[in-house]
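Dear colleague,

Please find below the structure that I am handing over to you, with its sequence. My findings follow directly after it.

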Amino acid sequence: MSLTSPTPVRAGAPPRAHLLAAALLAVLSVWDGVAAVLLLPQGSADLAAAGDQPPWAVVVGKLVLSVLGLVAAVVVARAQRWGVVLALGVAVGNALLALPGVAFGPTTSSRTASAVAAVGMGLVVFLLLRRSGSRAAARDPRG
Amino acid sequence: MSARGRAPGAGFSAPVLVHAILLAYVLAVYVAVLVADGLSATNVRTHWWAHVVAVAVIAATVEPLRRWLRPAVEDLLHDAPGEASDLLAVLGAERGSAAETIARALRTRYVEIVEDGVSTSVAGRRPAEGDVVQVPLRFADDELGSLHVATRRPGVPLTAGDVRLLGDLAHQLGTHRYALAAWARAQESRALVVTAREEERRRIRRDLHDGLGPALASVKLQLAAAQRLLADDPAQAGALLADVRADLAATTGDVRRLVYGLRPPLLDELGLAAAVRHHPAAQAGLAVDVREEDLGELPAAVEVALFRIATEALHNAARHSGGRRCEVLLRGRGGVVELRVSDDGRGLPAPLLAGVGVSAMRERAAELGGSVVLTSGPAGTTVTTLVPRRGPGG
């Protein structure tokens, strides 16, 4: 980073909705991450053979998105704009990864977990994009 | 946004993010409807109407969702009201380009700065009235103008944060504009002071050179002639000395007038209120009542200015008012000195064309940072002068 191109930092505390989104994203990321870490040692061949486990690509994808999701949650909580963008990307990616599981999960618990992840990530997107409720209704803020 | 302070988020295309979210939404709705119809790993057969329902739900909701998403994502990516350097640049910008700098900093499509009812800087085309936020430019209680800023998109109001920022920006801009105007006034005053001082020096020099100098030289010559005549013709020498005496009396009068022009001696001898009371203008037919309240000690410049204004006002009252009485009040009020000259005459003609006397009063007060206000009615005219007690720069 050069002295002439400082990293822009948004001053002040983040909106409450962003804090909620960050917390939700962190919880879901930890959940997905732990699940992925537990499945990862089985290897791709064993997972495919088991039949009732998610595909290897989904597990790896979930692990990567979990790490990114935790980073994004911390950055969102520190009120930095790039964290919000990253969180949105992670949430959309996670939702897309979870959607097949909602339909084709082999067990009820896996389908439920996928549905919870998809809905949770949708909620994260909603909270991050929800604009301030106190719109600038007044034409003259000082007058 | 300037290239220097490019934010990471700003490089991310809003449409990409919007469409990624829409894609996830479409898939989620489709999957949700089909799962509700019984789609699972063991059952991939679904009813045809489930697809119709999914498509219908998506078709009905995707556009409203897109409309909600687009501004939200754009605000997310672009709502930061510029980098600190962008906003500070507003204060350093030339008057004509300030609006453009603000528009760039706030990323809005239209900005206009109006000062004293005149548009001094415009960027972009003014949109519909409902899409423009107007913020006053103020310094203390003075409204210097207004800042007009368009919303980023038609029909989408600025966020509360934007409005708060605009208020702060307008406050800074107002202070900055006031400081610039004060600086210009100070420069102008300084030039006036220098000019006035030089004019005064020139006048004194001219009076000394053209009046006192030749008069004294003439006296010297007359004395020399009288000295020569003294032995032979004492009578003519006496007559010559009488002429010298008359000339010296006239010269003494000239010197007194010169000194009086610099500072009326009455002020030193009697004080301000008594000096006004004893001035010839106060003896010119009007019954003048001079009162003094909490006046205290005043700087010489303030005393002279108030004395000149008071005598000018008395002079005007005697000449033009047609009244019989005139009251002069000299009052100290904290850091301000008030001079009020009121007569019971016929009042000022309407419209009033300020003459040299009134203009001179105003200039004298303005030199000290004060003001002169004339009010008139059927009961007479009042000239109210307010000047800072500390005088110029006070």
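The model is a predicted one, and it holds two cavities of 30 Å³ or more. The volume of the largest cavity is about 40 Å³. Its lining is made up of B:L106, B:T108, B:V149, B:A150, B:R152, B:L158, B:D162 and B:L166. Two elements of chain B, β4 (142–150) and α5 (160–232), each give two or more residues to that lining.

B:R107 follows α4(B) and has a positive phi, near 55°.

Overall composition

Chain A contains five helices and zero strands; from the N terminus on, its elements run α-α-α-α-α. Of its 143 residues, 40% are buried. Among the contacts in chain A with a separation of 6 or more, 65% are between residues 24 or more positions apart.

Chain B, by contrast, contains 10 helices and nine strands. Its 394 residues include 40% that count as buried. For contacts in chain B with a separation of 6 or more, residues 24 or more positions apart account for 62%.

Nonpolar cores

The largest nonpolar core has 36 residues, of which B:L272, B:V276, B:L306, B:L314 and B:L339 touch the most other members. At least two residues of this core come from each of the following elements of chain B: α7 (265–270), α8 (272–278), α9 (300–321), β6 (325–333), β7 (336–343), α10 (356–367), β8 (371–377) and β9 (380–388). Helix α9(B) supplies the largest share, 10 residues.

What does B:L306 contact once its neighbours within four places in sequence are left aside? The contacts of B:L306 are B:L272, B:L298, B:L330, B:V337, B:L339, B:T385 and B:V387. Two of these partners, B:L272 and B:L339, are themselves among the core members that touch the most others. Apart from this core lies another, of 34 residues, which includes A:V76, A:V84, A:A87 and A:A91.

Helix α9 of chain B also carries B:T311. With a relative accessible area of 9%, B:T311 falls under the 20% limit and is therefore buried. Beyond its neighbours within four places in sequence, B:T311 is in contact with B:H279 and B:A281.

Aromatic pairs

Two aromatic pairs are present over all chains. In one of them, the ring centres of A:F126 and B:W68 are 5.7 Å apart and the ring planes lie at 20°, so the pair is stacked. This pair crosses between chains: A:F126 is in helix α5 (residues 108–129) of chain A, and B:W68 is in helix α2 (residues 48–78) of chain B. A:F126 is partly exposed, at a relative accessible area of 38%, and B:W68 is likewise partly exposed, at 32%.

The other pair joins B:F139 and B:Y178, whose ring centres are 4.1 Å apart; their planes are at 15°, so this pair is also stacked. It links distant parts of the chain, with B:F139 in strand β3 (residues 132–139) and B:Y178 in helix α5 of chain B, 39 residues apart.

A glycine in chain A

Is A:G89 buried or partly exposed? Its relative accessible area of 38% lies between the limits of 20% and 50%, so A:G89 counts as partly exposed. The residue lies in helix α4 (residues 81–104) of chain A. Its C-alpha atom is separated by 9.5 Å from that of A:A72, which is 17 residues away along the chain.

With kind regards

Key. Residues numbered from 1 in each chain as written. Chains lettered and ligands numbered in written order. Predicted model: local features only at pLDDT ≥ 70, side-chain atom pairs only at ≥ 80, totals over all residues. Heavy atoms only, no water. 1 Å grid on protein atoms, 1.4 Å probe; cavity = no way out; pocket = protein on both sides within 12 Å on 5 of 7 lines; lining within 4 Å. Points joined across faces, edges and corners; volume = space filled by probe spheres on them. Helix = DSSP H or I, 4+ residues; strand = E, 2+ residues; numbered from the N terminus. Core = buried A, V, L, I, M, F, W, Y, C linked by side-chain atoms within 4.5 Å. Buried < 20%, exposed > 50% of the residue type's maximum accessible area, 1.4 Å probe, protein only. Contact = heavy atoms within 4.5 Å. Phe/Tyr/Trp six-rings, centres within 6.5 Å; stacked < 30°, edge-to-face > 60°.
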